Structures are given as C-alpha cells and as structure tokens.
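Below is a protein model to read alongside its sequence. The text starts with a pocket and then turns to the chain as a whole.

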Amino acid sequence: MRRYFVISISCILFVIVVVYLVIDRKDLLSKQELLIEQNEEVRQINSLLYGNMKLHYIYAERTLQDMILWDKSLNKVTLSDLVGDNEKLVFKFSPSNCSTCIQSSFAALKKIANIISDNQIIIIADKANRREIQALSNSMHLRYPIYLVDEKEFNDILREENIPFTFVIDRDLIMKDLFIPMKELPEFSDMYYRIIWKKYFYEK
C-alpha cells in the first residue's frame, strides 16, 4: 500500500513537472515571438524616421518661385501675397496621394487649430481635380481654404514619393523644416506641430 502511494505521488509530481515545462516552453516561445514582433516594429519606425530625416535635409532651405495660386472661386493670388511678412505653415497635397495619408494629415492639422491661427496656415493642392478637392474639404469639415496650384510648380519636390508634406515658409519664400506626415506614426505629426508652433508662432 505504501509503495503504491509513493508511486502515485511520484507520477503526480512527474506530470506536474512535465506540465510546468510545457507551459514554460510555450511562455518562452510567446516571449520570443513578441520580442521578434517588437524588433520588427522598431525597425520599421527607424526606417520611416530615417527616410523623413533624409528628405528633410534634401529640401532644406530651398527657395520657391513666386507661383500663382487659385482660391475656390478661381481668383488668382501669388504665393508671396499669401505669405506676407511672417512665416506660414504650408501643407501641400495632391488628390493622387494615398487617401489615408491625406486624412491622417488633416486630422493632425485639426489638433493645432487652437494654437496656430487660420491665417498662419496655407493649404495647397494640385489643380488637376478641383471638384475632388472640394469634396474632400467638405467631407473633412476643413476650416482652412485650399489654394490650387499647377502641378509643375512642385514637380521637383517629392513627386516620385507621391506623398503629402508640410513645411514652414518665410517672406523670402524659403522652405524650412520640411516634414512628411506618417499615417503609421501620428504622434510624430503632433510632436512636429508642437515644435513648429513654439519655434515660429509662439508669442512670448
């Protein structure tokens, strides 16, 4: 009887050890898979940030031509007239850009509506499809006017990438602090706009 009891206890302990080892192994594999996934996310983030930084320096301090723009009523206005004497934040997009990129960018712009006034923001879009742009403006409930421009005016700036971008422009029409909003990392757009606000628009 005692021998049977010892054997039973030994079997139970063996089963417990086996179960523990199986669970521990599964937990280890799960942690390894999570670590691999986290490493891949970090790699993708680093790749996005590196690409953004690279383009930022490529187009830094570029002087734009005093191009002609059109408002929604097709009245002409020059870029220099819109900019005036003080820096402006410019958001440039095209209807051919990915729709989620545009929507994400406008969502970020809406967040700064209370700290950067409307007259400090210029939104420019390619003139190719005026109705599509107006429909987009209505669907996003934008409070800012959208000015249209011939595609050729920005033809040498991020044309191949086909993505929206934003920058600050001064009275001499010099581009500063170009940034590409990343729909995958909306928090970086928020951070960019806070930095821009403090650097150019904060009244001490």
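Which element supplies the largest share of the lining of the second largest pocket? In this predicted model, that share comes from helix 4, with five residues. Helix 4 spans 130-139, and strand 5, at 146-149, is the other element that supplies at least two residues of the lining.

The residues themselves can be found in the sequence. The lining of the second largest pocket consists of K72, R130, I133, Q134, S137, N138, Y144, P145, I146 and L148. Sorted by class, five of these residues are nonpolar, three are polar and two are charged. Rolling a probe the size of a water molecule over the atoms shows where empty space is left.

Read from the N terminus, the order of elements is α-β-β-α-β-α-β-α-β-β-β-α. Helix 4 and strand 5, both named above for the pocket lining, can be located in this series.

How much of the protein chain counts as buried? The figure is 36% of its 204 residues, with buried meaning under 20% relative accessible area. The accessible surface comes to about 13,200 Å², and carbon and sulfur atoms account for 55% of it. Among contacts with a separation of 6 or more, 68% are between residues 24 or more positions apart.

Key: Residues numbered from 1 in each chain as written. Predicted model: local features only at pLDDT ≥ 70, side-chain atom pairs only at ≥ 80, totals over all residues. Heavy atoms only, no water. 1 Å grid on protein atoms, 1.4 Å probe; cavity = no way out; pocket = protein on both sides within 12 Å on 5 of 7 lines; lining within 4 Å. Helix = DSSP H or I, 4+ residues; strand = E, 2+ residues; numbered from the N terminus. Nonpolar A, V, L, I, M, F, W, Y, C, P; charged D, E, K, R; others polar. Buried < 20%, exposed > 50% of the residue type's maximum accessible area, 1.4 Å probe, protein only. Contact = heavy atoms within 4.5 Å. Areas by Shrake-Rupley, 256 points an atom, 1.4 Å probe, with all protein chains shown as cover.
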